[in-house]
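Hi,

Here's the structure I promised to pass on. Have a look at it first, and then read on for what turned up.

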Amino acid sequence: MKNVKDSLTYRAAGVDIDAGNALVDRIKPLAKATARAGVMGGLGGFGALFDLKKTGYKDPILVSTTDGVGTKLKIAQELGKHDTIGIDLVAMCVNDLIVQGAEPLFFLDYFATGKLEVGVAAAVIKGIAEGCKQAGCALVGGETAEMPGMYKPGEYDLAGFSVGAVERKKILPQQTIEKGDVVLGLASSGVHSNGFSLVRRIVEKSGLAWSAPAPFDKKRTLGAALLAPTKIYVKPVLKAMQTDGIKACAHITGGGLTENIPRVLPKELAAHLTRKSWEMPRLFSWLQTAGGVSDEEMHRVFNCGIGMVLVVKKSAAANVIKSLEAQGKTVYTLGELRARKGEAVVIK
């Protein structure tokens, strides 16, 4: 038998099982706080169980999404601020669910790092739990992967997966989308979680540090302003859907306004938007000026202040706006749908 002092252990190889167990103990209360109808059991099993009958759907269709938060992670890691990036992760998934009319039911995360730092991972997952609360879905499980040699010290990666449900007759986009329908926009909280590779290049070009006062908001540092978590539109949009006026939704992520809106429109229709109809936050104006970015590039990379677009029946637009504003959302009437003669999105 090999001499004990010469034997190798998993911990010596860089994987700390005890740290993983400590993390699970810390996040169990966070996951429990997100419980909703349908959840069966808790964390620790080989899989998560969910009873769809408990949700009350009569003819449900399941909708699934998966996403990450891109290079926004780099800023969070460089600043050592890990408590909101989890909100971004949830938002990127659940906002994709509601564009098909689906209510988010549950969420799972994947956290990968070279060496597990329990405090950092717990902060990230605390943000994930907060995002789940905002979306009304349950955090039912996930995976924490400690992989020595795969990541530099202090680095980690995130991915998320969510499942929702929608009644078959209420799937979006509807087939009734037509010329004259109104295009509404819900205000974003900032860059959200797309375009950060360009953002980081612009900041590098500007010569500013993350800790410097933001040129567009002296009350916050540049890093804090850019790390503002992605808005989660689930509850207000689901509530507004009860007016029966919403025909389609588009989550404005990678591809901006010009790439995402066409994904929910019939090929014969185009969205005509008036640029002055909404207020573009100063953050985007600074990015455009500091980076010398063209209008066209801004519209196809960033949300430019609009995080979610709704296509609404004209006669129902006032009720939809009233519902959203009653829930504290800033709503802009961006334009309307017209017969397509060229581009699918025309911004005047």
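Let's start with a charge and a ring: Arg275 has its charged end over the ring of Trp278, 4.5 Å from the ring's centre. Keep in mind that this is a predicted model.

Next, the aromatic rings. There are 4 aromatic pairs in the structure. In one of them, the ring centres of Phe111 and Tyr156 are 5.1 Å apart and the planes make an angle of 20 degrees; planes under 30 degrees apart count as stacked, so this pair is stacked. Phe111 belongs to strand S4 (residues 103-113) and Tyr156 to strand S6 (residues 156-167), so the pair ties together parts 45 residues apart in sequence. Are these two buried or exposed? Phe111 is buried, at 2% relative accessible area, and Tyr156 is buried too, at 5%.

Another pair, Phe216 with Trp286, is tilted, with 5.9 Å from centre to centre and 50 degrees between the planes. Phe216 sits in the loop between strands S8 (213-214) and S9 (217-221), while Trp286 is in helix H9, 70 residues apart. Phe216 counts as buried at 9% relative accessibility, and Trp286 is buried at 13%.

Trp286 also turns up where two helices meet. H5 (residues 196-206) packs against H9 (residues 282-291) at about 65 degrees, and their axes are 9 Å apart. The crossing is left-handed. On the H5 side you'll find Val199, Ile202, Val203, Lys205 and Ser206; on the H9 side, Trp286, Leu287, Ala290 and Gly291.

Cheers

Technical notes. Residues numbered from 1 in each chain as written. Predicted model: local features only at pLDDT ≥ 70, side-chain atom pairs only at ≥ 80, totals over all residues. Heavy atoms only, no water. Axes fitted to C-alpha atoms, helices over the stretch in contact; angles between N-to-C directions. Helix = DSSP H or I, 4+ residues; strand = E, 2+ residues; numbered from the N terminus. Left-handed = near helix turned anticlockwise from the far one by under 90°. Contact = heavy atoms within 4.5 Å. Phe/Tyr/Trp six-rings, centres within 6.5 Å; stacked < 30°, edge-to-face > 60°. Buried < 20%, exposed > 50% of the residue type's maximum accessible area, 1.4 Å probe, protein only. Lys NZ or Arg CZ within 6 Å of the ring centre and 35° of its normal.
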